[in-house]
Amino acid sequence: MDTTRPAGVTRTPTDLTQASRSPGGVGESTSRPDGILKVTGEFAYSSDLWHESMLWGHTLRSPHSHAEILSIDVSTALAEPGVLAVLTHEDLPARVRNYGLEIQDTPALATGRVRHHGEPVALVAADHPETARRAAALIRVEYRELPVVHDESSAIADDAPVLHPGRADHYAPHVAHPNIVHRQPIVRGDVTAARARADVIVTGEYEVGMQDQAFLGPESGLAVPAEDGGVDLYVATQWLHSDRRQIAPVLGLPEEKVRMTLSGVGGAFGGREDLSMQIHACLLALRTRRPVKMVYNRHESFFGHVHRHPATLRYEHGATADGRLTHLSCRIVLDGGAYASASPAVVGNAASLSVGPYVVDAVDIEAVALYTNNPPCGAMRGFGAVQACFAYEAQMDKVAAELGMDPVEFRQRNAMSQGAVMPTGQVVDAPAPVAELLRRVRDMPMPPPRQWESADSVGAAGVDIRALPGGLSNTSHGEGVVRGVGYAVGIKNVGFSEGFDDYSTARVRMEVVGGEAVATVHTAMAEVGQGGVTVHAQIARTELGVARVTILPADTRVGSAGSTSASRQTYVTGGAVRRACEAVREQLLALGRGRFGASHPGWADPGLVLEGGKVTTPAGEVLAPLADVLEDESLEVELEFRPRPTEPFDVRTGQGFGHVQYSFAAHRAVVEVDTELGLVKVVELACAQDVGKAINPQSVVGQIQGGTVQGLGLAVMEEIVVDPVSKVRNPSFTDYLIPTILDTPAIPVDVLELADPHAPYGLRGAGEAPTLSSTPAVVAAIRAATGLALRRVPVRPEHLTGT
Amino acid sequence: MDFLRPTTWEEALAAKAQLPGAVPIAGGTDVMVEINFAQRRPEALLDLGRIAELTTWERDGETVRLGAAVPYTRVMSELRRELPGLALAAHTVGSPQIRNRGTVGGNLGAASPAGDCHPALLAAGAEVEAASVRGTRRIPVEEFYTGVKRNALAPDELIRAVRVRTATGPQQFSKVGTRNAMVIAVCAFGLALHPDTRTVRAAIGSAAPTPLRVGAAEEFLDSALAEAGLWESRAVVPPSVARRFAELAAAACSPIDDVRGTAAYRRHAVSVMARRTLLWTWESYRGGDRTEGGTPCA
């Protein structure tokens with residue numbers, strides 16, 4: 001491996017070899033190969049990359065949210081000692097100057113105009129990061145500020161500035177205004193007739209604030225120029241091949257000259273699906289002919305990646321007196337910010353999942369994403385389904401209250417199950433245990449009342465203030481505290497949708513090393529903390545009967561593994577690893593039959609298994625050790641795996657087999673609210689989720705708990721605040737708050753395993769569903785405690801105190 | 001940027017006199033953040049880490065003389081009987097790592113209106129011991145905060161210590177943030193009963209350009225308690241008195257709307273904290289507790 005790596009690069013990813021004394025296969029909670037390295041601080045993240053004689057890159061960003069660039073003067077910056085290059089849009093080497101996941105509307109460096117606060121304008125490479133930063137401050141950019149588009153009415157006004165004139169993307173013909181990125185209607189059934197049958201009609205308007213992925217490892221990477229004129233890029237990302245497809249044209253290089261290796265990734269949650277410093281570091285490296293490292297600090301990171309779309313959602317539900325939903329109409333407006341990023345796909349998800357996991361025969365749905373001068377928004381865990389879930393679950397409580405029904409019972413009465421039809425017309429052809437998940441969270445034991453009363457007193461006699469709203473800030477010893485309980489359930493799609501050709505590539509090799517048969521797995525899957533490297537080793541052990549598995553670093557020397565997003569990696573890349581292992585197993589058995597078939601009739605059995613390092617018959621008779629079958633042969637297979645295909649939604653009706661698979665989770669939230677101060681302590685967030693098959697039960701529970709906490713963050717604290725002229729007000733961890741361990745409640749998890757017959761091992765993508773229902777469950781519990789309507793998240797103390 | 005590392009207090013004072021632009025640094029929890037984010041480029045840093053006496057505290061009559069570089073963790077573990085309000089405030093600062101590094105002297109030097117120590121110091125009664133090559137003076141803490149992130153130190157002065165009156169009655173500190181730990185104050189309130197002088201002192205943080213005592217509220221409460229003979233009878237504070245005290249405390253605020261909270265919420269929260277901390281401390285006083293300090297915990 002190292003022979004092909006440029007000399008002098010250190011702290012780059014290495015092979016992860018995992019041995020297991022237990023069978024260590026599918027369904028076992030084997031431990032993570034990177035776990036000890038991470039908790040002891042030894043793991044090499046992308047920010048730890050180092051190369052001898054490397055330079056440091058720095059980005060100059062726009063202080064304005066919308067402005068014309070009149071001039072850029074780099075002469076003073078360039079004259080600074082230690083500065084080796086200063087680049088602007090004029091230095092872009094190719095005709096392709098924009099990039100983008102789907103619509104190439106994002107300038108690599110601002111050209112003539114900046115469209116959001118923090119947009120990259122110029123780059124500096126210097127021999128020290130401080131020098132680069134100071135030189136960037138010496139670049140003189142003359143701006144003329146332009147009127148700002150910041151919401152739907154300013155975006156589609158007659159005189160609204162068009163943010164992307166001359167759009168040629170394939171959504172443009174279907175939208176009413178060029179500042180609308182994409183619009184997806186879904187109509188099914190007769191809403192007018194259904195409305196006439198309704199005994200109650202409930203409307204509501206809801207808002208979701210802009211959440212940040214807040215991954216702990218900021219954007220970083222190292223670009224090393226190669227002798228062939230290409231570049232080797234080590235970077236923390238979610239999808240190497242998608243990055244490369246966007247990077248190479250802007251560099252004016254063929255894709256094969258942009259060689260990428262995944263470096264240590266400190267979390268992603270969707271925020272690394274778009275490019276950040278990739279093109280910039282490569283441009284500087286190719287210009288200076290020196291390796292260039294770029295690392296954002298936290299402040300820059302808030303400007304360096306897309307966020308979760310803020311949304312306004314208007315809903316109407318109708319129901320009969322016996323608690324059956326008659327119809328739903330809704331309009332979801334997502335703020336995509338300055339560039340498209342993943343907005344079209346987020347619109348598709350929001351629209352197609354806007355009803356939630358319920359059966360509603362008559363729907364009239366519209367979702368749109370806007371271009372504005374707000375920060376660009378794109379992928380984040382839950383991807384359009386989070387916003388919808390907050391609104392439809394608030395509505396479900398409201399309708400239940402209107403009917404005088406128990407909110408769980410009302411949900412169960414309308415819950416979908418296998419065979420249900422989605423608003424898109426797609427039949428749900430796998431288990432959909434929605435009512436059962438609700439029953440399970442409802443029936444879990446309740447945390448005791450007044451749980452802060454404790455012999456182990458902290459702060460005041462008989463009181464553990466850590467268990468009260470305000471925690472160690474010592475704001476209440478029980479005064480004003482009211483408990484509330486709330487429920488929510490959600491539905492999330494798994495895998496890429498709407499006709500996207502979703503696939504993963506895996507290369508698996510089997511050979512004898514030191515007398516033992518071992519497997520090597522090579523994929524381009526981005527391990528971002530989800531535990532994919534653990535799962536791949538488990539699959540290889542189960543399929544090949546080996547103990548020792550080596551996972552090679554992810555890079556572009558193997559085919560695409562798709563993105564680590566959409567809850568898809570265990571399904572799709574895991575599926576590819578399994579298929580490749582099966583193919584290797586067939587080769588191995590063929591080899592065995594050739595060598596030993598004549599001497600033992602057992603080799604003719606079609607059901608031979610590889611287990612414990614041996615080939616055995618189904619009855620358990622050992623035919624031969626794997627090492628004896630292999631001898632000095634090395635068996636290797638590379639193949640692609642595709643889940644079943646999907647199709648686009650019709651542009652007018654929204655009908656279509658749009659999603660590969662659905663994933664369901666339910667939550668019960670128990671909160672204590674200090675009703676006088678408006679402070680919230682979430683006491684418990686119980687979750688039940690169907691994962692089809694828990695490939696690694698411990699990792700599954702970890703994913704569910706992590707998603708649950710991220711949903712809690714959106715419920716009560718996480719928001720990027722943008723001022724009226726679209727500037728970000730809180731780009732720091734001082735003012736963008738994420739939950740600490742003292743904000744994290746007990747999270748009892750009940751995992752169901754109802755196999756999906758279409759998926760490898762019956763598994764169901766698990767990473768996102770818990771993020772959906774967590775937020776509305778917490779807010780429902782706060783509503784129960786306070787009696788307030790609370791139509792916006794995050795809920796702030798001001799909302800709870802009327803201040 | 002020079003990095004000066006004096007080994008004695010006299011050297012430190014000499015260095016500060018010679019280079020008044022030098023920024024003193026102890027725990028670095030404020031200064032280094034500003035430097036790392038390029039918000040500040042002082043001509044020199046004056047590292048106080050080698051001066052042992054700054055990290056000690058001693059009793060001096062009715063006060064505790066707290067060295068400027070004693071970290072919060074030690075205030076919490078060593079001084080919760082003597083300085084219970086300050087110990088509670090220290091408990092709310094940042095994370096355990098920050099509390100191991102950050103110091104009361106640093107909090108005073110930064111003089112942020114949101115600094116956690118200030119309401120506790122104002123409520124307890126304290127003087128800042130400021131030193132220079134010219135000599136030492138004591139600045140009453142009420143006069144120390146002169147504006148947003150400005151204090152009364154002369155350019156050549158360093159904080160040697162803060163002298164805090166030892167508690168003679170219960171003290172409380174309460175802070176509102178929108179997270180249950182590791183949060184900067186939206187607003188804060190400190191309150192101390194002084195049974196020896198039959199007075200109550202109380203102060204707000206993060207609800208005005210500077211931390212400040214709520215004078216009118218204190219005066220009202222002092223006379224209400226005296227008139228009803230409550231110091232002697234140890235009877236319950238009438239709800240009307242607590243309510244009026246809370247209103248006057250809120251009236252002392254001149255808060256702003258910012259990303260952390262609205263002015264209206266800050267005023268409201270101060271009134272709630274004023275009422276609660278008064279009732280907590282008075283309940284302790286009635287029960288004969290001398291103080292009500294924080295208990296060490298995670």
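Two residues count as in contact here if their C-beta atoms, placed from the backbone, lie within 7 Å. The model is predicted, so local features need pLDDT of at least 70 and side-chain atom pairs pLDDT 80 or more, while totals for chains, interfaces and linings use all residues. Residues are numbered from 1 along each chain as its sequence is written, with chains lettered from A and ligands numbered from 1 in the order in which they are written.

| Domain of chain A | Residues |
|---|---|
| domain 1 | 50-146 + 218-265 + 272-304 |
| domain 2 | 158-212 + 308-387 |
| domain 3 | 432-489 + 660-801 |
| domain 4 | 504-641 |

Taken over C-alpha atoms, the centres of domain 2 and domain 3 of chain A sit 25 Å apart. Where they meet, 17 residues of domain 2 of chain A contact 23 residues of domain 3 of chain A. On the domain 2 side, β13 (200-208) and α10 of chain A are the elements giving two or more residues; helices (H or I, at least four residues) and strands (E, at least two) are DSSP runs, numbered from the N terminus. β13(A) supplies the largest share of that side, five residues.

Now for α10 itself. Helix α10 (residues 385-403) and helix α11 (residues 407-414) of chain A have axes that come within 9 Å and cross at roughly 110 degrees. Axes are lines fitted to C-alpha atoms, for helices over the stretch in contact, and angles run from 0 to 180 degrees between N-to-C directions. α10(A) and α11(A) are therefore roughly perpendicular to each other (65 to 115 degrees). From α10(A), A:M396, A:D397, A:V399, A:A400 and A:L403 make the contact, with A:P407, A:F410 and A:R411 from α11(A).

Note on methods: Angles under 35 degrees count as roughly parallel, over 145 as roughly antiparallel, 65 to 115 as roughly perpendicular and the rest as oblique. Domain bounds come from an automatic or database domain assignment.
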